[in-house]
Amino acid sequence: MPPTSARPLRADAERTVRAILDAAERVLSEHPHATLEQIAEAAGVARTTVHRRFANREDLVRSMAVAAWRRIAAAVDAARPLTAPPLVALHQATANVIEIKYGASYALDRVDSTDPEVAELQAAVFANCDAVLARARADGFITADADPTWVRRVYLALINETVHGNAELDGSADPDALAGRVIDTLLSGVGTGRRQ
């Protein structure tokens with residue numbers, strides 16, 4: 001995952017970038033004002049390595065957000081939103097996204113939605129979300145008169161609340177159980193009550 005360019009990285013360079021991004025998420029989640037030097041130490045790399053890969057702190061945080069959105073896009077695609085039964089796809093995508101959001105909450109909370117790369121990734125994710133919700137609606141799981149944009153906004157808000165709003169939940173919580181809770185809440189609010 002190249003941080004700021006489209007040029008592919010060698011496997012070892014890609015591992016180094018991944019280690020820096022992972023360490024940055026951990027360190028900045030606990031210490032939001034941590035320096036690049038502290039992040040380098042946590043990643044087990046030299047300070048110069050971080051500075052060579054990322055122009056500054058903002059570039060690092062942007063790269064973290066882009067990497068997180070790439071993982072979300074891939075995870076939603078892996079749920080097969082266009083081909084799997086809609087509730088299966090919805091559940092799998094939800095569980096996948098919850099798991100990623102727990103591990104990337106610092107970056108995702110600071111994402112710049114106007115960044116062209118982030119905006120493109122978000123648009124692809126939201127298009128898949130709209131597609132699977134439309135399929136669920138066509139199959140009678142969501143009422144025909146429910147506004148599709150509102151349904152998506154409620155669905156995404158439920159995911160965000162699951163990750164951020166519940167102090168008793170942490171990253172060790174079961175993503176499948178949490179996804180079930182999100183889907184049950186969504187379908188109870190805008191659904192017909194039909195589950196089979």
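**View 1. Contacts across the predicted protein chain.** Of the contacts (heavy atoms within 4.5 Å) between residues at least 6 apart in sequence, 70% join residues at least 24 apart. The chain is a predicted model: local features need pLDDT of at least 70, side-chain atom pairs count only at pLDDT 80 or more, and totals for chains, interfaces and linings use all residues. Residues are numbered from 1 along each chain as its sequence is written, and side-chain values use heavy atoms, with hydrogens and water left out.

**View 2. Helices and surface.** The protein chain has nine helices and zero strands. Helices are DSSP runs (H or I, at least four residues) and strands likewise (E, at least two), numbered from the N terminus. Buried residues (under 20% relative accessible area, 1.4 Å probe, protein chains only) account for 44% of the 196 residues. The accessible surface (Shrake-Rupley method, 1.4 Å probe) is about 10200 Å², and carbon and sulfur atoms hold 53% of it.

**View 3. The largest nonpolar core.** A nonpolar core is a set of buried Ala, Val, Leu, Ile, Met, Phe, Trp, Tyr and Cys residues joined through side-chain atoms within 4.5 Å. The largest has 40 residues, and Ile72 and Tyr155 have the most contacts inside it. Helices 4 (57-78), 5 (86-103), 7 (116-138), 8 and 9 (175-190) each give two or more residues to this core. Helix 5 gives the most, with eight.

**View 4. Around Ile72.** Beyond its neighbours within four places in sequence, Ile72 contacts Val97, Ile100, Lys101, Leu108 and Val125. A second, separate core of 20 residues includes Ala24, Ala34, Val61 and Tyr106.

**View 5. Arginine 152.** Arginine 152 sits in helix 8 (residues 148-164). Its relative accessible area is 18%, so arginine 152 counts as buried. Leaving out residues up to four places away in sequence, arginine 152 touches Phe126, Cys129, Asp130 and Leu133.

Methods
Buried < 20%, exposed > 50% of the residue type's maximum accessible area, 1.4 Å probe, protein only.
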